[in-house]
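Have the coordinates open and follow along.

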Amino acid sequence: MERRVLVLNLDHSPVAVVTVQKAFVLTYLEKVSCLTFYQDLTIRTVTKTFQYPAVIRLNEYKNIPYKGVLLNRANIFRRDSQECQYCGSKKQLTLDHVVPRSKGGKSNWINLVTACHRCNVYKGDKTPEQAGMQLRTQPFKPSLGYFLAEYAERHAEEWVPYLELRTV
């Protein structure tokens with residue numbers, strides 16, 4: 001798996017995650033500065049060897065409007081750690097509206113949770129309280145920093161100090 005590169009704005013807020021090729025081009029064009037590198041990884045050309053960037057920072061502040069994390073099935077599963085929020089099962093996962101749509105529930109971060117097929121059918125057209133069920137964790141709207149920190153814990157420990165500078 002190819003490592004990704006974290007891009008920070010001039011104020012150290014996370015902006016994006018890019019490929020090493022994109023990061024290398026931005027560095028070559030002097031649009032970014034490398035803040036840290038992956039240990040023991042290099043990029044080789046015929047005549048030179050370069051360190052593999054892990055975190056880069058834009059040299060000029062860019063006003064990038066934050067649109068938030070996209071509400072979709074995959075991101076809800078990621079937020080809920082790929083497990084049913086009622087019983088903890090990791091099999092036959094689907095989405096459940098905590099407050100059913102028929103009772104005015106919306107499709108948003110606070111009302112959608114991951115549920116296994118069995119719990120979803122059992123709950124049916126009721127709220128968890130009416131069905132005698134309890135959520136393991138309260139649903140929340142995750143930030144970009146939340147998902148970046150999750151990725152960093154598994155794949156890019158070099159990112160962690162830069163993500164802790166700005167708690168989102």
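This is a predicted model: local features need pLDDT of at least 70, side-chain atom pairs count only at pLDDT 80 or more; totals for chains, interfaces and linings use all residues.

**Ring pairs**

How many aromatic pairs does a search of the whole structure find? The answer is 4. Phe-24 and Phe-50 make up one of them, in an edge-to-face arrangement with 4.9 Å from centre to centre and 70° between the planes. This pair brings together distant parts of the chain: Phe-24 belongs to helix 1 (residues 20–28) and Phe-50 to strand 4 (residues 49–58), with 26 residues separating them. Phe-24 is partly exposed because its relative accessibility is 28%, and Phe-50, at 29% relative accessible area, is partly exposed too.

Next up are Tyr-38 and Tyr-52. Their ring centres sit 5.7 Å apart with the planes at 70°, so this pair is edge-to-face. Tyr-38 is in strand 3 (residues 32–44) and Tyr-52 in strand 4, so the pair ties together parts 14 residues apart in sequence. Are these two tyrosines buried or exposed? Both Tyr-38 and Tyr-52 are buried.

**A cluster and its arginines**

Phe-140, Tyr-146 and Phe-147 come together as one aromatic cluster.

| Arginine | Ring | Distance from ring centre |
|---|---|---|
| Arg-78 | Phe-147 | 4.1 Å |
| Arg-79 | Phe-140 | 5.8 Å |

Leaving aside residues up to four places away in sequence, Asp-80 touches Gln-85, Val-113 and Thr-114.

Asn-59 is in another stretch, the loop between strand 4 and helix 2. With 32% relative accessibility, Asn-59 counts as partly exposed. Which residues does Asn-59 touch, not counting those up to four places away in sequence? They are Leu-10, Glu-30, Lys-31, Val-32 and Ser-33. Take Ser-33: Asn-59 is 26 residues from Ser-33 in sequence, yet their C-alpha atoms are 6.5 Å apart in space. With Glu-30, there is a polar contact: a polar atom of the Asn-59 side chain lies 3.0 Å from the backbone oxygen of Glu-30.

Note on methods: Residues are numbered from 1 along each chain as its sequence is written. Side-chain values use heavy atoms; hydrogens and water are left out. Rings of Phe, Tyr and Trp (its six-membered ring) pair if their centres lie within 6.5 Å; planes under 30 degrees apart count as stacked, over 60 as edge-to-face and the rest as tilted. Helices (H or I, at least four residues) and strands (E, at least two) are DSSP runs, numbered from the N terminus. Buried means under 20% relative accessible area, exposed over 50%, partly exposed in between (1.4 Å probe, protein chains only). A charge sits over a ring if NZ of Lys or CZ of Arg is within 6 Å of the ring centre and within 35 degrees of the ring normal. Contact means heavy atoms within 4.5 Å. A polar contact is a pair of N or O atoms within 3.5 Å; within protein, one must be able to donate a hydrogen and the other to accept it, and residues adjacent in sequence count only if both atoms are side-chain atoms.
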